[in-house]
Amino acid sequence: MSLEKDLDYGTPESLCQELISLEIDGHQVVVPEGTSIMRAAKQLGTSIPKLCATDSLEAFGSCRLCLVEIEGRRGTPASCTTPVEAGMIVHTQTQKLAKLRKGVMELYISDHPLDCLTCSANGDCELQDMAGTVGLRDVRYGYQGDNHLNATRDNSNPYFSFDPSKCIVCSRCVRACDEVQGTFALTISKRGFESHVSAGIEDSFLDSECVSCGACVQACPTATLMEKTVIEHGVPEHSIETTCAYCGVGCTFNAEMKGDQVVRMVPAKSGKANEGHACVKGRFAWGYASHKERILKPMLRSSIDDPWREVSWEEAIQFTAKKFRELQQEYGRKAIGGISSSRATNEEVFVVQKLVRAAFENNNIDTCARVCHSPTGFGLNKTLGTSAGTQDFISVESADVILLIGANPTDAHPVFASRMKKRLREGAQIIVVDPRRIDLVESPHIKAAAHLAILPGTNVALINAFAHIIVEEDLVDWDYVNHRCDKDLFENWLAFIKREQNSPSYVAKVLGVEAETLRKAARLYARAERAAIYYGLGVTAHS
Amino acid sequence: MTKIYLPRETTTLSLGVEELISAIEHEAAARGIAIQILRNGSRGAAWLEPLLEIDFNGKRLGYGPVTASQIQSLFEADFLNAGEHELKLGEISDIPWFKQQQRLTFSRCGEIESLSIDEYKKHGGFRGLSAALKSSSKDIINIILDSGLRGRGGAAFPAGIKWQTVADADADSKYIVCNADEGDSGTFSDRLLMEGDSYCLIEGMIIAGIAVGAEHGFIYLRSEYPLTKIILEEALIKARAAGYLGNTIQDSIHNFDIHLHIGAGAYICGEETSLLESLEGKRGQIRFKPPLPALKGLHGKPTVVNNVITLASVPVILAKGAEYYANFGRGKSLGTMPFQLSGNVKHGGLVEISFGLTLREVIENFAGGTYTGKAIGAVQVGGPLGAYFSGKQLDTPLDYESFSAAGGMLGHGGIVVFDDGVDYLEQARFAMEFCSVESCGKCTPCRIGSVRGVEVITRIRTAENQSERSEQYDLLEDLCETMEDASLCAMGGLTPMPVRSAVKLHQLLTERTDETMRPTNES
């Protein structure tokens, strides 16, 4: 696979149902209301010059390259910040626009090192592309004026370097840290010509709140924020789509390669779990890929006392298959089985169970998730018919109230946590049930509506108390119950849950949480139009 | 007991009014005379400050400008009984500076004890509010629309249309934001109004709140106005205690309260979107439009952002009617405007007049010529982003349309006069430098362009020959075009206005050749 960049539409997709028809450079285009002119043009295949816009971030309007002319309107509005309107007639290329864009690029380059040939972003630089696009041939201001060419590079981060002399102050890194990752580690300090990217309050990247998720590096259009591996090895030549092998979120990555060597791991926009985002592990901690201790060839030994012996795949598979068959002949068909891992991809897990069912001819397939998650797996299976969660990742974008119990996503599943935090910043509320004061209880721009710091081991009492409050205060969704629940079983459950032992006042002491706090949280959850529960090993990995 | 009025106002403070008061009290005590010193605002005649006034048989007599060393002689002249003295100015209303004005917005400013609600009411205060409380939102907005009131902060957008937009917006909360981040050099009308008649602003904000359905107002006050802050804080406390702020104001169904917010100390925070960012606690950086603040303003809610003078003009309009106000002014520039005279003038200060006098008339009638006594060289109108006017341009009438047609703008009403010794190229350079110092840094044309602008103008100065100079003039014009058309907000977009006009004047003076500068939108 050649190195193909994800298409960049400049501004995020509009999810509006209403469609708008307009004309861009003589071509009709129909797009959802709320779409920017820039995105609509890209849909037609027309690339309007841009530097500060990228479709993973909200429009910003600072670079002033994407100016267009709209018939009947004064001036030259920016196409990234101007939403389409019905019947609009837009021109993206006119003499006036060409002159303005060249004028803006001339200003940019008057404060930029002219070291393209030796620059780590050579061939992968949007500033370089734009200089070409607008046909910049001369910088009449000269290069003797005030500039940032001597700004000091910050190499503190082990994975990427920050070279402010190449910065065009487009704020893409700052916005990525805010909007995508939600850490708010970066800002622009000072104003005017002195504006510059600052990690924390003029800290080094390493000393700042930065968590090295790499969103800023990915957002940077120049060589300002650059992976150290690219600085060392140069720009990759092909990429292979893969799935991150760390946590269970399952982020899609493009492994950007040179030959068989990984140069960098870039999160793919097409990944449904991560939508172009990553965490420090998937993004940077892939040294294992080519680690010398990695086992790359099959090995066999006859007994535990023998040393390992490298063998061919053919021999290894033959040996194993033969042994399995012998065991089955001796002890019966069900004598063997397989265990898969939650770290494996769905596809890999599918193949393993297929092997067990088709080749082993039994159902002895298990997964580590069944062990860790057996309580909830059992419960979900009994109540909803499947032991899996009922929501996909994107649904968090619609949640109004989130009940988080026994999970610490910012630490354990950071990419999903970023998506959850984004929703919280949009106004959704979160109830955190956890003995610990985890980040989602309170961190920049996040404040939980309630933190139920229950004593360890009291999750069941808490859930029952929640249910008790919901039943006692008649907050039950009867429509759902009547349509979907087994009447008798539900009546049984009602009788149980109404018991005094499940009341908040009764369990308050057990939980170490006041009854009124429980009631408020339960009401918040039950009254939400779209409430969602997210749980983790904190509730399931108990015996 | 004679009442003595001495302003509690920043200019007067800087001229030693507090020392003056100590001297008067000391002298009166020594002479065994009972006096009462009341603190009014300044009437805006900065050249007469400290202006001491006495209430003499119901008439206000003025002495000024007074210094502490003259107090003894004033007592000796029996000024408390209108005694003759070289500083005696006679009855205030007879002084031509005041007599020639049409003070609608500033009618009480300097006249009343500034923090007295009783005095405020005695002089027509809260009548606009009473009228508003009896009117529907629609009626109030119609009155503002009919009055022709336009934003006095600089953009001159019709206030009624802005209010209408906010009133029509569907939202759970709305806000009134008063832009009191008065940063234009040569302007001080907001400060004078807030220090001298703060209830007028408060009243205007309450009316705006009633009109659009907002229950919270914010005053974003320039951090460089510490005295104004103290005065506003006192005024808000008193207004709240008197039931003009808070819940069910004046026993009506309306709730409205005002919060005072001190600015971040940046010129750019006077731009409304930057102001909103700053008010939200963020870096004062421009937001793109649309969405308009009227629809998505403070915390994303529909917000009226009006200048101090716009809001302070509302009470008189509600009290006396749209027609009364619209009868002042001309064309589409209706009502009055507080112009602020400064720079190289004999008499600096604020004059509130109807739109329509020419620039020259205002300078001649009020400013009394230049301070240096030389001929007028040029006049910069509308703050640091306004154009330099010279020669026959001085006959441009002071109204929005005429100034726009002449390639300038009235802005916030600042008039800064220069004599004919001014170095225009330096003024052009200064305009670029101002932009570079005050740019928020968000957009490229303003952030980098202003710095290059300073450099190019410096090179024009140092060019060794005509062709080199001419090259730099061309580059400057290209830069001005980029800044004007490509900048995100008016900061970078309007900087070419003073630059081009000053450069043109410079060229006329030094080279007498127009060929080096391509035609601009200058008349």
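A polar contact is a pair of N or O atoms within 3.5 Å; within protein, one must be able to donate a hydrogen and the other to accept it, and residues adjacent in sequence count only if both atoms are side-chain atoms. By this criterion, 21 residue pairs, both members at pLDDT 80 or more, are in polar contact across the interface of chain B and chain A. The structure is a predicted model, in which local features need pLDDT of at least 70 and side-chain atom pairs count only at pLDDT 80 or more, while totals for chains, interfaces and linings use all residues. Residues are numbered from 1 along each chain as its sequence is written, chains are lettered from A and ligands numbered from 1 in the order in which they are written, and side-chain values use heavy atoms, with hydrogens and water left out.

At the interface, 34 residues of chain B are in contact (heavy atoms within 4.5 Å) with 33 residues of chain A. The buried area, that is, the accessible area (1.4 Å probe) that two parts lose on being put together, summed over both, is about 2,800 Å² between chain B and chain A, and carbon and sulfur atoms give 55% of this area. Five salt bridges (a side-chain nitrogen of Lys or Arg within 4 Å of a carboxyl oxygen of Asp or Glu) cross the interface of chain B and chain A. Helices 18 (424-438), 19 (444-447), 20 (449-462) and 21 (466-486) of chain B are the elements that give two or more residues to the side of chain B that touches chain A; helices (H or I, at least four residues) and strands (E, at least two) are DSSP runs, numbered from the N terminus. Helix 21 of chain B gives the most to this side, with seven residues. The residues on the side of chain B that touches chain A comprise 14 nonpolar, nine polar and eleven charged, where Ala, Val, Leu, Ile, Met, Phe, Trp, Tyr, Cys and Pro count as nonpolar, Asp, Glu, Lys and Arg as charged, and the others, Gly among them, as polar.

Over all chains, the structure holds 60 salt bridges. Lys99(A) pairs with Glu481(B) in a salt bridge, with the closest N and O atoms 3.2 Å apart. This pair crosses between chains, from helix 2 (residues 95-109) of chain A to helix 21 of chain B. Lys99(A) is partly exposed at 34% relative accessible area, and Glu481(B) is likewise partly exposed at 23%; buried means under 20% relative accessible area, exposed over 50%, and partly exposed in between (1.4 Å probe, protein chains only). In a further salt bridge, the closest N and O atoms of Arg191(A) and Glu438(B) are 3.1 Å apart.

Within chain B, Glu272(B) and Lys162(B) form a salt bridge, with their closest N and O atoms 4.0 Å apart. The two residues, in helix 12 (residues 272-279) and helix 8 (residues 159-168) of chain B respectively, are 110 residues apart. Both Glu272(B) and Lys162(B) are buried.

Zero disulfides (pairs of cysteine sulfur atoms within 2.5 Å) are found over all chains. The sulfur of Cys125(A) is 6.2 Å from the closest cysteine sulfur, in Cys119(A), which is too far for a bond. Cys125(A) is buried, with a relative accessible area of 9%. For Cys216(A), the closest cysteine sulfur, in Cys210(A), is 5.9 Å away, again too far for a bond; Cys216(A) is buried at 8% relative accessibility.
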